[in-house]
Amino acid sequence: MTKERAIPTSRFSRFAKLGSMAGKVAGNMLVSGAKGALKGESWNNKNLLLQPKNIEHLAKQLAHLRGAAMKLGQLLSMDAGDLLSPELAKLLAMLRADANPMPHKQLIGVLKTQWGDNWIDTLSHIELRPFAAASIGQVHHAVTEQGNKLAVKIQYPGIAQSVQSDVDNVMTLLTLSRLLPKDLDIKPLVAEAKKQLLAEADYQLEGSYLQRFGSLLANEPRYIVPALYEQYSTKQILAMEYVEAQPIEALDSLTQAQRDHIASDFISLFFHELFDFKLMQTDPNFANFQYQIASERIVLLDFGATRKVPDKLSDGYRALLSAASNNDRQSAFSAAVAIGYFQDDIVDSYKNNVLDLFMLACEPLRSEQAYDFGSSDLAMRLKNAGMAMSTDAQQWHTPPVDALFIHRKLAGLYLIAAKLQAKVNVKQLFQVYR
């Protein structure tokens, strides 16, 4: 059972947590350094800092603060994951794990703030122990007076008020600990982390996206979008219909045809979002999707990371994917320039390497047959290509932030398709948009 742990809510208490963490890490370094000196080993700051117990301590404390650390982890891993040290990659992976739930006293405090002193009369029943967790909230079962089952997402306290300071404090920690490459321009990602986290902390905004996707997909029988219950929703509580379904990663007993169908529907939805809706749910976390085996429908659960796709970006990716599917490097380069990928000071070798990555990522688009994600080593080849780029500091470059979210979504869908060992005719799905 996951242990409850109170979440620091004031800026001071959250900063104090970071200070305590730094002290603990420094103490570990001194003890390990002293032991090494007795053995005749030289002092190495980086090696002492990045010892496993410090990495684990950093992850536990950052996850305890929720929000800022976890959002930075998502953004860094979706962009520069292959350019970062194995130690930071491990830290980010730990940050993406489920966090400790709020203690009941703190939870009830949030419910009173959002629903009033008579919060207990708001619903017929609400489970005080969550059944799911996210980076900035936890989800509870509930039942209305009419007997309707709900999933109620309740935001951790202090998130919205401390976004700016939390992100700055975490970035200071990562910079001082040398866990980030010094030549990687992280400023656009830091600014985006603040902007995105503030948006995700607004559950009324997420509720509007939930309704928007429900409307856009109302005539698509392949997908289920839970209904929003506005009367129970606030800026920090999101109440929606509870839909019975299975986690995507638990679908081991499906036939090959069923798995192919699911992966195909995911990628088809990606194209709809990018080219038709101009609106994209950009977090491809497995936990955000479930599946109804009986009805063979995908359940879409989380719209906090939804972003509008500008027409210019949509058109640019239509051109880029078309060129890559035809193996046309020159047209792909022109499309990348239009998207905003290359600045004047970027060396030609970097441009060529990025184009190689684009062409590689679009390999499924060039397959005349259904692409076999299960047996493909595409993910490993992409990782190796990214690692090769990381050996040259001149090639560390932060691409347009909007583009990062699109790449993150597509890469996540590739992982889902590989997990399902699915075969998908991606070229055919894209054909209508050429």
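The paragraphs below go through a predicted model, taking its sheets, its nonpolar core and its aromatic residues in turn.

Strand β5 covers residues 223–224 and runs parallel to strand β10, residues 297–300, with 2 bridges joining them. Across that pairing, I224 stands opposite V299 in β10. Strand β10 also pairs with strand β9 (residues 289–292), here in the antiparallel sense and over 4 bridges. V299 in β10 is the bridge partner of Q290. Together β9 and β10 make a hairpin with 4 residues between the strands, and E296 in the turn has a positive phi of about 55°.

Strands β3 and β4 form another hairpin. It has 5 residues between its strands, and G147 takes a positive phi near 90°. Strand β3 (residues 137–143) and β4 run antiparallel and are joined by 7 bridges. One of the pairings is that of V143 with K149 in β4. Strand β4 spans residues 149–155 and is mostly covered, since 6 of its 7 residues are buried. Strand β4 is also joined by 5 bridges to strand β6 (residues 237–241), again with the strands antiparallel. There A151 stands opposite M240 in β6.

I237 is a residue of strand β6. I237 counts as buried because its relative accessibility is 0%, and the cut-off for buried is under 20%. Leaving out residues up to four places away in sequence, I237 touches L111, Q114, W115, V152, K153, I154, Y203 and Y232. The C-alpha atoms of I237 and G207 are separated by 9.7 Å, although the two residues are 30 apart along the chain. Two of the residues that I237 touches, K153 and Y203, also have an arrangement of their own: K153 lies over the face of Y203, at 5.0 Å from the ring centre.

In soluble globular proteins, nonpolar side chains tend to be buried together. The largest nonpolar core here has 94 residues, and those touching the most other members are W115, I154, I262, F271, L300, Y317 and Y341. Helix α10, residues 256–277, gives the most to this core, with 10 residues. Which residues is L300 in contact with, leaving aside its neighbours within four places in sequence? They are L217, Y223, I224, V225, P226, L269, N288 and F289. Among these contacts, I224 belongs to the paired strand β5 and F289 to strand β9.

The aromatic residues come next. A pair of aromatic rings is described by the distance of the centres and the angle of the planes. The count of aromatic pairs comes to 14. The rings of Y229 and Y232 have centres 6.3 Å apart and planes at 20°, so they are a stacked pair. Both members of this pair are buried: Y229 has a relative accessible area of 17%, and Y232 has one of 9%. Another pair, Y341 and F358, is edge-to-face because the planes stand at 85°, with the ring centres 5.0 Å apart. Y341 lies in the loop between α12 (329–339) and α13 (348–361) while F358 lies in helix α13, so this pair ties together parts that are 17 residues apart in sequence. Y341 and F358 are both buried. One aromatic cluster is formed by F270, F271, F275, F430 and Y433. Of these, F271 was named above as one of the core residues that touch the most other members.

A further charge over a ring involves R307, which lies over the face of F405 at 4.1 Å from the ring centre.

Last is helix α16, which covers residues 401–419. Its 19 residues reach 27 Å from the first C-alpha to the last, close to the 27 Å expected at 1.5 Å a residue. Just after α16, Q421 takes a positive phi of about 55°.

Conventions
Residues numbered from 1 in each chain as written. Predicted model: local features only at pLDDT ≥ 70, side-chain atom pairs only at ≥ 80, totals over all residues. Heavy atoms only, no water. Core = buried A, V, L, I, M, F, W, Y, C linked by side-chain atoms within 4.5 Å. Buried < 20%, exposed > 50% of the residue type's maximum accessible area, 1.4 Å probe, protein only. Contact = heavy atoms within 4.5 Å. Pairing = 2+ DSSP bridges. Phe/Tyr/Trp six-rings, centres within 6.5 Å; stacked < 30°, edge-to-face > 60°. Lys NZ or Arg CZ within 6 Å of the ring centre and 35° of its normal. Expected span 1.5 Å × (residues − 1).
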